Structure formats: structure tokens, C-alpha cells
Amino acid sequence: MTVIRQQDFIDSIEDALQYISFYHPLDFVQALEKAYHKEQNQAAKDAIAQILINSRMSAEGNRPICQDTGIVTCFVKIGMDVKWDKTDMTVQQMVDEGTRRAYLNPHNPLRASIVADPAGMRKNTQDNTPAVVHIDMIPGHHVEVAIAAKGGGSENKTKMVMLNPSDSVVEWVLETLPKMGAGWCPPGMLGIGIGGTAEKAAVLAKEALMEPVDIQDLLEKGAETADEKLRLELYDKVNKLGIGAQGLGGLTTVVDVKIKSVATHAASKPVVMIPNCAATRHVHFHLDGSGPAVLTPPKLEDWPEVTWELGTNVRRVNLDTVTPADVLEWKAGETVLLSGKMLTGRDAAHKRIADMLAKGEALPEGVDFKNRFIYYVGPVDAVGSEVVGPAGPTTATRMDKFTDMMLGQCGLLGMIGKSERGDKTVDSIKQHKAVYLMAVGGAAYLVSKAIKKSRVVAFADLGMEAIYEFEVQDMPVTVAVDSQGNNVHKQGPAIWKVKIAELANT
């Protein structure tokens, strides 16, 4: 009988969540490096470069890889011969306590993103609890923990289907993945759960994402099981879709495909697909009664020496003087360096603005969007001399429902976010002669270095969803939708799907 101290478990959860906030798994970094050197689409290559540079900066600075520090998902496997030294807390409560401490750590505070009453008030719990905890009893006298911080952008792209027994999983994935857009921040991983029941398949898919990147090893040794054959087929065919990094088109959409399967009913074939984004964060540890887990930091020299240089097609823009006439000249695919002042806002702020306008109320002082740009972001709190913590873009498609209002009623000139916009939103951008700019998802710490001043101007009660005013200097973005409605998220993947097919035939 092994005695596991409650405090050791809580300390290990806290340490693990801090650890994964700024350390990518090295196998994922190495897979991204391979994708970087292989990539032929310059826009996608630049995006991967920014992700790798951001990863190294986060490791060096011990600050979050992504501003979305995730919902905590924890798999706890408890040996049948384990005894806890205290019984006043459940495993869920212990995980929550570790989570609370990790997210409120004054040296590296993590963004609290969890809201209670999800169908009602959606009030932030302020400490990122509760975590999602899966508990299993296993043989032995150890406690095994796999813990991840799952970003909302990728989690929101989860897909589930009840296939007929004779239906093809490959066909469903290839049909479904392009419809998911780029909000999951590729290149990443796909976790696929097959079998059991609907909820079991979902748990399998999530647990599969905790496994190491090893598709290259599998390619070398060859598939031996049905699941391994499926992994290799999907890895090949998904990358041939040409979606590419950040949905810009390119050779690498996924760096691995993970599959877990279990027995199911003869009439059923439940399948769940969950993507992991470019901010893949997870770690595994064991407790054997000797103390808390020891997590050894990786060496900085393990990160690749990648540089990102601006090409010749760069447009410098002063946000304080830019005019609607200026925006008409911008072309989809251009790199733009932004300097000057912008406002921020995301889901909750847009909803409140809509409610105020519907009631005929004036917007708060300092909130004037006329001929200005809005950045879809919910930053991490600053520490030390920082102006703002990691502040990468959130998924822009969630703001599509508000775009007509923001462009038409508020006079907004441009928007900055990540991923694609819907067809109706692209039409609205074209109609209002506005523009949508894309920042790289998964490069939040790098992006924050371009922000020189920050202040809350409205809705402070919304926490990270408040409206800020940022003053930026040379913030790099790509014109994703120009004033003519040209859309790189449609053009890029379409072009590269054809190019990849041509490369395969040469």
C-alpha cells in the first residue's frame, strides 16, 4: 500500500499547469521545425516561424505560449493499492485547488477563462476552476496524471458523428475538416476516438491528444493494426487538403493523427474528432509516495534557431491617421505593420455593445469605433515591466454575427483576429469597403512585444473581455479579406490543394 500525500498531488498539479503554460512538448516543437523546413508557401512558412519563435520566447521568459491558457483537462489514474494521507478532499477538489493556485500565481498569472452558469449569466469564476477531471482505477500502487490546458479555439472545433458500421471514417474526416476553418490554429494534431458510446468516443479522442508525436516513427516501421493504418492514411490525406498553417494554404496541416478505439455496439460506430492547436500543451507525471512530481525544464538549445524576416511586400500603416481611402489600396495576402492606437473587444464586449445600441444608449466614453480598428483579443495580465501579458488573437468567426453592426452602425474600418470569416461577413466587409487582418494564432507572447501601451477604456467588469486601447508599434498582420472581398482563407487552401496534387504526380 502506497500513501500519496494530498499536498504532493496538489503541488504537482500546480507545477504542471505552470510548466505547460510556457513549455511546448519538445516532440511538438521538433515536428513544427520539420514542417517549417518543408513548407513551400511563404505565408504559411512565416506563420510557422512566428509560432516557433514565440515558443522559444515563452520558454525563455516563462510566460504563456498563448493568451488562451485553456480549460484544464486532467486524466487521473489511481492504483488500486494507493491510499491518500487525507480524505477531506476529493480528487476533483484536489485538481481544482492545484488549478486555482497555478492560475493565480503572481509570477506568471494565467488567464481565467472559465465561466459558470454556461446557459445563463456566464460569469467568470476568476481562477479557471473547475477543471475537467477523468478518474480511472488501475492496477498498481502509483498515481498517473496526464494534464492539458485546452484552448477554446481548438476545442470549439470538436466534431462528433454516429456513423453506420459500414461508413468510412476517412471519408467523414476529409469531408468535415475543411468545414472546420482555421480557428483551431493549424498546424496541430487530430485526436480521434472511435467506438464505445458517444461520450466514450469523446474521452478517447481527448486522451489520444495526450500521446507523443510519433507519426514519423510509424511511417518508418509501417502500420500493424487497423488504427495505425488509419492514422497513416489520414495523415497523408489530411495534409493533401492543402489547408496549411493558419489556414493560409500549404503542405502541413497536421503534424500527427492520434487514434484510440474501443469495442462498440454492433449497430454503432461513434466517432469524435478533436484538434489540438499550435499551442499544444500537456505533460505527464507519476506519484509514488516519495514526494511531488519533478518536472525537468527542457534546454533552450533544444529549440530550433528560426528567424522571421519581413519580405519586400510590406505596408506600414499608422492607425491614428489611416483613412477609408487608404484601406482601398490594401490587397489580400499583403503583410502589414500596424503602429498607433487600436481598440480591443471580443464576445462579451460585442454583446454588450449590441444591447446598448438596441436600447438607444450611447457607448461609453472612449469607445468610438469610427474609422478605427478593433483587435479581437483577451490578454493575459501583465507582470513586472510588461505593458500587457501575452495577447494573441482570438477566433474571428465568433464575431461574425456582430460585424454588420460594427461596420454599419459603429463605423469600424478594420478588424484583426485569427482564422477565416464567414461568407456573409466577407460580403459585409466588401459592402462597407472595410478590411479584415489576420494575426498568427499561437504567437501571443511575440505579438505582445509589439504593444507599447495598454489601458482599459470600458467594461472593466468583464475582466479579460473588457475593451482595452492598445498602442502598438510594427505589429505584423496579413490582409486576410480586402475591401474587394478577396479572401486568403479560401484562395490559399484551394491553390495549395492543386499544387500538392501536382507535386504528387511529378
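These legends describe close-up views of a predicted model.

**View 1. The largest pocket and the residues around its centre.** The space in the largest pocket comes to about 1100 Å³. Its lining is made up of 47 residues. Nearest the centre of the pocket lie S113, V115, R122, M464 and E465. By class, the lining holds 16 nonpolar, 16 polar and 15 charged residues.

**View 2. Helices and strands that supply the lining of the largest pocket.** At least two lining residues come from each of β2 (71-79), β5 (123-124), α5 (152-155) and α11 (347-358). The largest share belongs to α5, which gives 4 residues.

**View 3. Helix α15 and its span.** Helix α15 covers residues 488-504, 17 residues in total. At 1.5 Å a residue the helix should span 24 Å, and its end C-alpha atoms are 24 Å apart, so the two values agree.

**View 4. The buried face of α15.** The buried residues of this helix are V488, H489, G492, P493, W496 and I500. Seen down the axis of α15, these residues fall within an arc of 110 degrees, so they line one face of the helix. Among the elements that cover them are α9 (226-239), β17 (435-438) and β19 (467-481).

**View 5. K34 in helix α2.** K34 belongs to helix α2, which runs over residues 26-38. Its relative accessible area is 52%, and the cut-off for exposed is over 50%, so K34 counts as exposed. A458 is 424 residues from K34 along the chain, and the C-alpha atoms of these two residues are separated by 44 Å.

Technical notes: Residues are numbered from 1 along each chain as its sequence is written. This is a predicted model: local features need pLDDT of at least 70, side-chain atom pairs count only at pLDDT 80 or more; totals for chains, interfaces and linings use all residues. Side-chain values use heavy atoms; hydrogens and water are left out. On a 1 Å grid over the protein atoms alone, a cavity is a set of points where a 1.4 Å probe fits but cannot get out, and a pocket is an open set with protein on both sides within 12 Å along at least five of seven lines; lining residues have an atom within 4 Å of a point. Grid points are joined across faces, edges and corners, and a volume is the space filled by probe spheres set on the points. Ala, Val, Leu, Ile, Met, Phe, Trp, Tyr, Cys and Pro count as nonpolar, Asp, Glu, Lys and Arg as charged, and the others, Gly among them, as polar. The expected span of a helix is 1.5 Å times one less than its number of residues. Buried means under 20% relative accessible area, exposed over 50%, partly exposed in between (1.4 Å probe, protein chains only). The arc is that of the directions from the helix axis to the C-beta atoms. Contact means heavy atoms within 4.5 Å.
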